[in-house]
Amino acid sequence: MNPTDLNLLQLLATNTQSVKKEFAWHNISISRLAAMLYAAEDRTADPSALRNIHDMIKENTGAFSIFRGTLSVAIAAMLSLADDPQHRLDDTLNTYEQMKAHKFKPSDHLAMAAYEITQHTKPEQREAVIRRTRIFYDGMKENHRFLTSHDDYVFAAMLGLSNLDPEPALKHMEQLYAELKPELRVSNGLQSLTQLLVLGDADWHATARLHELREAFKQRKIRMDRDFTLPSLGLLALLPIDVRVIADEIEENIAYIRTQKGYGAWSVTDRELLLLISSLYISRSVGEARQGLSTSTASTALTNLVIAQQAATIATVTAIAAANSAASSS
């Protein structure tokens, strides 16, 4: 096993236990997401600091604020990784209100979209990025009325943050959707996949690699082509690594993390596990690949893969957590 992967997975397992202990009554999927965010930064979770920031969120928001809901632990984790958590929170709350003014509906996904925009822009850029996000979202809604909903806010925000021209980008999405639909079937995951492929400037070579990687995973009895994991499959295919190496290493990582406390088959589903493993794998792989690059453009493109994967994981785990909460309350 790659030694960096081993370290990241050990951090994931350790962080999960400490976050879970501190927030025992919170959604376990969100606690695992928080643990992954720390591990991706090669950081050990600090439960007391996390609790302090969680309390800070409560002090700065109303009783019914989205920021105090299901995602509060993950938001606290992201804020704790920022240089100035209070300033980042203030900015995120302002961005959230700006997005609501542009007719985005309040939701966990909007909170995460606001955080992504805040994290990757200067204050004077945010209004323009929010307008672009709205254009992308409306274009997605026009093309796929019944597939596009609140869970696409994060992906629309990622597109809004990019330098892509909305009209050709939306057209490219539709071309990819039509190309991939016969094999991957109509689903929200397919739409998310096309959004991320466009972000990664995917061409015919990338889609060919996607199919090759999908088959490599299937041969190892790993189903990365399900609705929730399709976006991760696409981002893995964009890595400058042989597809067999990717499939072999992901398989090794799954086998290892399944032996760790809190990550057995009865504790976490395959789909959620694949999201977390993929995020850590992309983070490590990009870090190694960047060391051998001489151009900042290529390095930036790779870094964007990490950002996109984490955004996709956040969006998808949010949907999983919401589905689990709805099931448990029914």
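Buried residues account for 55% of the 330 residues in the protein. The model is predicted. Its secondary structure consists of 15 helices and zero strands.

**Overall fold**
- The radius of gyration is 19 Å, which agrees with the value near 20 Å that a compact globule of 330 residues would have.
- The C-alpha trace spans about 50 × 50 × 45 Å along the principal axes of the protein.
- Of the contacts between residues at least 6 apart in sequence, 73% join residues at least 24 apart.

**H11 against H13**
- Helix H11 (residues 204–219) packs on helix H13 (residues 243–257) at an angle of about 40°, and their axes are 9 Å apart.
- The crossing in which H11 passes H13 is right-handed.
- H11 contributes Arg209, Glu212, Leu213, Ala216 and Phe217 to the contact, while H13 contributes Val243, Ile246, Ala247 and Ile250.
- Seven residues of this contact of H11 with H13 are nonpolar, two are charged and none is polar.

**H13 against H14**
- H13 and helix H14 (residues 270–291) pack with their axes 10 Å apart, at an angle of about 125°.
- H13 and H14 are therefore oblique to each other.
- H13 and H14 also make a right-handed crossing.
- On the H13 side the contact residues are Val245, Ile246, Glu249, Ile250, Asn253, Ile254 and Ile257, and on the H14 side Leu273, Leu274, Ile277, Tyr281 and Arg284.
- The contact of H13 with H14 comprises nine nonpolar, one polar and two charged residues.

Terms used. Residues numbered from 1 in each chain as written. Predicted model: local features only at pLDDT ≥ 70, side-chain atom pairs only at ≥ 80, totals over all residues. Heavy atoms only, no water. Axes fitted to C-alpha atoms, helices over the stretch in contact; angles between N-to-C directions. Helix = DSSP H or I, 4+ residues; strand = E, 2+ residues; numbered from the N terminus. Left-handed = near helix turned anticlockwise from the far one by under 90°. Contact = heavy atoms within 4.5 Å. Nonpolar A, V, L, I, M, F, W, Y, C, P; charged D, E, K, R; others polar. Parallel < 35°, antiparallel > 145°, perpendicular 65-115°, else oblique. Rg over C-alpha atoms; globule rule 2.2 N^0.38 Å. Buried < 20%, exposed > 50% of the residue type's maximum accessible area, 1.4 Å probe, protein only.
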